[in-house]
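These are my notes from one sitting with a model. I wanted to look up how its parts meet.

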Amino acid sequence: MGLPVGLGYFSVSFGFGAMAVSQGIRALDATLISAVNLTSAGQFAGLTLIVAMGSLWEMVMTQIVINSRYSLMSLALAQRMGQRIGFLPRLLIAFFNTDEIFALAMADPEPLTVPYLLGLGLLPFLGWTGGTLAGGLAGSALPADIRAALGVMLYGMFIAIVIPPAKQEKAVLVTVILALICSCVFHWADGLKTVSVGVSIVICTVAAAGAAAICFPVEPEEES
Amino acid sequence: MSIYTYIFVMALTTYLIRVIPMTLFRRPLKSRFLRSFLHYVPYACLTAMTFPAILESTASRYSGAAALVLAVFLAYRGKSLLTVSLAASGIVILMEQGMKLFALF
């Protein structure tokens, strides 16, 4: 069941690997990042900070904001698991909690078991880590412009995640537009150009999601 | 600073975000604001990371812009994640190779 997710992860992390080596990170280091993080957006922002030699404090803040959604997913998953699953397996299962694995686990009507949850996480983990290694190695052998082009896959994925719900839900569209404006201001306004990428992502995320949460609070049944 | 320090801090932060709610707080979030905020975070953050960075990620601004337009169009038409990513990357390669050829003449 984790197979389609594993294949999807492989191709996207191939782009991550290629992008990382194009920015001067070694293929094996990029693979290590994927193996210990297992998160697309967080890793991508982390890579930007490593390349820009940002501060560790900035790294912590960026990861907290970008990955804050996982805390909600972990909460929801913890409730589905009930009391049957103990503390130690939870320590392991938490590591595999990504957007897609969470979606699969929540969609399954059967009671969740430890072997099931770990099995569900295995192929996506292998796909994500293996894809990064393959992308990193292939990227090292390719000219710089091709490497950069492969890195664009990651942006393609982000766009594919954002656009369909923005088309359906007005609140998401507003969130996207606010984040877009904020991000452009930080990029092009004089005086704000010195603000690092990590900080501007954090500010734009908090501002846009905060404004949307005030204007369009979600109903209890439509939370995801 | 060593890259491994960065990777360690990044992985530890990410893991704590996932593990704390799963082990310690097992009750649902009461605050409606917080739940709504977390619902919108992925969209805000992915947008802020993509634009305008995509324009500067490739050798030429034009190929980055073309990738953006194509990806938004395909995603709007409901194409899969993989199709959108491959198309974005494909058009960049095509345009840049095309521009190289063009520059020869």
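Entry 1. In which hand does helix 9 of chain A pass helix 10 of chain A? I looked it up and found a left-handed crossing. I note here that the model is a predicted one.

Next I checked the geometry of this pair. Helix 9 of chain A covers residues 144–168, and helix 10 of chain A covers residues 170–188. They pack at an angle of about 130°, and their axes are 5 Å apart. I worked out the label from the angle: the cut-off for roughly antiparallel is over 145 degrees, so helix 9 of chain A is oblique to helix 10 of chain A.

Then I listed who meets whom. From helix 9 of chain A I wrote down V162(A), P165(A) and A166(A). They meet V172(A), L173(A) and V176(A) of helix 10 of chain A. I sorted the residues of this contact by class and got six nonpolar, no polar and no charged.

Entry 2. I turned to the domains of chain A. The assignment gives domain 1 as 3–160 and domain 2 as 169–224. Their C-alpha centres lie 22 Å apart.

How many residues of each domain of chain A are in contact with the other? I found 10 in domain 1 and eight in domain 2. On the domain 1 side, the elements that give two or more residues are helix 3 (40–51) and helix 4 (56–66) of chain A. Helix 4 of chain A has the largest share, with five residues. By class, I have this side of domain 1 down as six nonpolar, three polar and one charged.

Entry 3. I moved on to where chain A touches chain B. The contact takes 83 residues from chain A and 61 residues from chain B. Helix 9 of chain A, already in my first entry, gives the largest share of the chain A side, 21 residues. The chain A side divides into 55 nonpolar, 22 polar and six charged residues.

Entry 4. I picked one helix pair across the two chains. Helix 5 of chain A passes helix 1 of chain B in a right-handed crossing.

Among the residues in this contact I noted Y70(A), L75(A) and L77(A) on helix 5 of chain A, and I17(B), R18(B) and M22(B) on helix 1 of chain B. The classes here are seven nonpolar, three polar and one charged.

Methods
Residues numbered from 1 in each chain as written. Chains lettered and ligands numbered in written order. Predicted model: local features only at pLDDT ≥ 70, side-chain atom pairs only at ≥ 80, totals over all residues. Axes fitted to C-alpha atoms, helices over the stretch in contact; angles between N-to-C directions. Helix = DSSP H or I, 4+ residues; strand = E, 2+ residues; numbered from the N terminus. Parallel < 35°, antiparallel > 145°, perpendicular 65-115°, else oblique. Left-handed = near helix turned anticlockwise from the far one by under 90°. Contact = placed C-beta atoms within 7 Å. Nonpolar A, V, L, I, M, F, W, Y, C, P; charged D, E, K, R; others polar. Domains from an automatic or database assignment.
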